[in-house]
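Me: I am new to this structure and would like to learn how to read it. Could you take me through some of its features, one at a time?

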Amino acid sequence: MAKDEYGQFVDWDKMVSKNQDSGPKEVSCTDMKELKQFARQGYWAKNHSLRAKVYHKLIKRIPCRTVTPDAAVYWDIVGPIVGVKGSRLQPLPEFADGNQVPNYCLNSVGITAVRNILMCIANQFPDISFCPVLPAVVALLLHYSKDEGQCFELVCRILACNDPGRRLIDQTFLAYESSCMTFGDLVNKYCPKAHKLIVSLSEDVLEVYSHWLQWIFGALPFEYVARVFDVLLVEGYKVLYRVALALLKFFHKVKIGESLEPGNVKAEIQDFVQGMNKVVSSEKLLEKAFSIRLFSRKEIRLLQMANEKALQQKGITVKQTRRHNVQLAVHAENFQSGIVTAKEMREIWSWIPERFALSQPMQIFTTAEHGCSLTRFYTLCEGHEPTILLIKTITGEICGAYLSTDWSERKRYGNKLRFFGTGECFVFRLKPEVDRYEWVVIRHPELVSPNMENMSESPPVPSAISQEASLDRLSPFLAARHFSLPTKTASMFMAGNNESIIIGGGDGNALYIDADLNHGRTSHCNTFNNQPLCSETFQISILEVWGFKESLNS
């Protein structure tokens, strides 16, 4: 039977599905599009032998370094490396970061084999400095290997992939940490309800999100992670983001009515994922994952690059003995604002992209000190990117915006109102109720071109919608000029000239602020549940602009 050929390391009595010989016996197609559908549908999931053969074929297709260790190398080195005492008495390599080998229904021989393989990988890949999911990956692939040497070879091919456009497993702390930040950005955008719940329960949200990969590789039951791995080998890293987001959506759905203990949300999520088989099937989990209209691979890659760059600029390239508590970047003892409290600023901080949450807020303009001059506003705000605009009206309403682009960009268009910005911009309100409105649609892409002829003096304004509403595509996610993207694809959100500034959307939620910085109005048709950003016309009590310090320690 199939389990005799590939299952010598498996404790079959512990397997949820005892029948591993049902379903198709072979996969004849080689077309990746067809394989993609097969992987998502679980075509080979019920046949242990077929899944093993598919894994071998897919992994052998991975382009690798010229010299990649194979099974023969393993058998040459395993004896001297493991030694007489064996690997069970030796600690796992440092790159495992304290993560143990998940059981995954392996027998005692299998657990020992995983440890042997990990120690040999550490010997052959000294450049792997941080890879906490590797014990789980090895344990999974051992299910579909005839012996240790074959499993070692499969894992080595995955680790030695040299296709720059194909990402499978992070192998450094920088790559891993930036993926955690990227995941935090995606949660903020695609799971706002779950994000809000986690923010309310944890002082350090990134610390919670830093375990997102271990939810999949380690906590998730074996039959679930095997289904995810089916798709990972065909589609790449993006499926991991999808599945983790789906896990959070189910977590929020189940836990929102319960009384959760503050500070314990990380353990709550871990326990929830471990019991996923009591919540939904693996099919339903993947169905939810693929129903999320996620960014393109290119956009996610650009976001990952931006997060890596931010970490490098902060000097965070190896694991710190004490993690920067990024969600506590707003310190109550030295934070002063005429509009918001430190707690309210932390709420705003939980919405901004993770790479900027590494920094502390820095006030760069306030009408209380610098007066109500739009010229002064531009002078002090230029050179800062991104910024947060806060407005308090004389009636006590508080609203604002996260602005991703330097206000100096407006100079490209003379004194004409032309829109600029990126897909990361959003407007929000704090009083009378808290809500955030995402920038989601390019309604007039021609307006971003400085060379267009015959354009009106006051162009139509692009729209924003409440993040509670159904989100459309964001394109692009990051600033075009950062990545040499064509100007015509840039998003639009901000506009300014000598008479006024406009932020947000005309047929959604927009802020129009006059040159005296004393008066403003909003346009808020078609908002979610008809909840406006603030009053249709308002008088400004105080206006502030906040930038970002270069370092948490500065």
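Reply: Gladly! Let us begin with a term: helices here are DSSP runs of H or I with at least four residues, numbered from the N terminus. Tyr378, for example, is found in helix α20. Please keep in mind that this is a predicted model.

Me: Is Tyr378 buried or exposed?

Reply: Tyr378 counts as buried, because its relative accessibility is 3% and the cut-off for buried is under 20%.

Me: Which residues does Tyr378 touch, if I leave aside its neighbours within four places in sequence?

Reply: Tyr378 is then in contact with Trp407, Arg410, Gly496, Asn497, Ser500 and Ile501. Take Arg410 from that list: in sequence Tyr378 and Arg410 are 32 residues apart, while their C-alpha atoms are 9.9 Å apart in space.

Me: How many helices and strands does the protein have, and what share of its residues count as buried?

Reply: There are 20 helices and 11 strands. The protein has 554 residues, and 58% of them count as buried.

Me: Now to helix packing. What describes two packed helices?

Reply: The general idea is that two packed helices are described by the angle between their axes and the distance between the axes. Here, look at helix α3 (residues 48-60) and helix α7 (residues 148-159): their axes come within 9 Å and cross at roughly 40 degrees. The two helices are therefore oblique to each other, and their crossing is left-handed.

Me: Which residues of α3 and α7 meet?

Reply: From α3 come His56, Ile59 and Lys60, which meet Gln150, Leu154, Arg157 and Ile158 of α7. Sorted by class, this contact has three nonpolar, two polar and two charged residues.

Me: What is a disulfide, and how many are found in the whole structure?

Reply: A disulfide is a covalent bond between the sulfur atoms of two cysteines. A search of the whole structure finds zero disulfides. For Cys64, the nearest cysteine sulfur belongs to Cys161 and is 6.4 Å away, whereas a disulfide needs the sulfur atoms within 2.5 Å. Cys64 is buried, with a relative accessible area of 15%, and Cys180 is buried too, at 0%.

Me: Let us turn to the backbone. Which peptide bond has an omega of about 0 degrees?

Reply: That is the cis peptide bond joining Glu385 and Pro386. You will find Pro386 in the loop between α20 (374-381) and β2 (387-393). Another cis bond runs from Lys431 to Pro432, with omega near 10 degrees. Pro432 lies in the loop between β4 (426-431) and β5 (435-439).

Me: And phi? Where does Asp97, with its positive value, lie?

Reply: Asp97 sits in the loop between α4 (71-82) and α5 (108-124). Its phi is about 55 degrees, which is positive although Asp97 is not a glycine. Leu517, also a residue other than glycine, has a positive phi near 55 degrees, and its place is in the loop between β9 (510-514) and β10 (519-523).

Me: How do Asp97 and Leu517 stand in terms of accessibility?

Reply: Asp97 is partly exposed, with a relative accessible area of 28%, whereas Leu517 counts as buried, at 0% relative accessibility.

Key
Residues are numbered from 1 along each chain as its sequence is written. This is a predicted model: local features need pLDDT of at least 70, side-chain atom pairs count only at pLDDT 80 or more; totals for chains, interfaces and linings use all residues. Side-chain values use heavy atoms; hydrogens and water are left out. Axes are lines fitted to C-alpha atoms, for helices over the stretch in contact, and angles run from 0 to 180 degrees between N-to-C directions. Angles under 35 degrees count as roughly parallel, over 145 as roughly antiparallel, 65 to 115 as roughly perpendicular and the rest as oblique. A crossing is left-handed if the near helix is turned anticlockwise from the far one by less than a right angle, and right-handed if clockwise. Contact means heavy atoms within 4.5 Å. Ala, Val, Leu, Ile, Met, Phe, Trp, Tyr, Cys and Pro count as nonpolar, Asp, Glu, Lys and Arg as charged, and the others, Gly among them, as polar. Buried means under 20% relative accessible area, exposed over 50%, partly exposed in between (1.4 Å probe, protein chains only).
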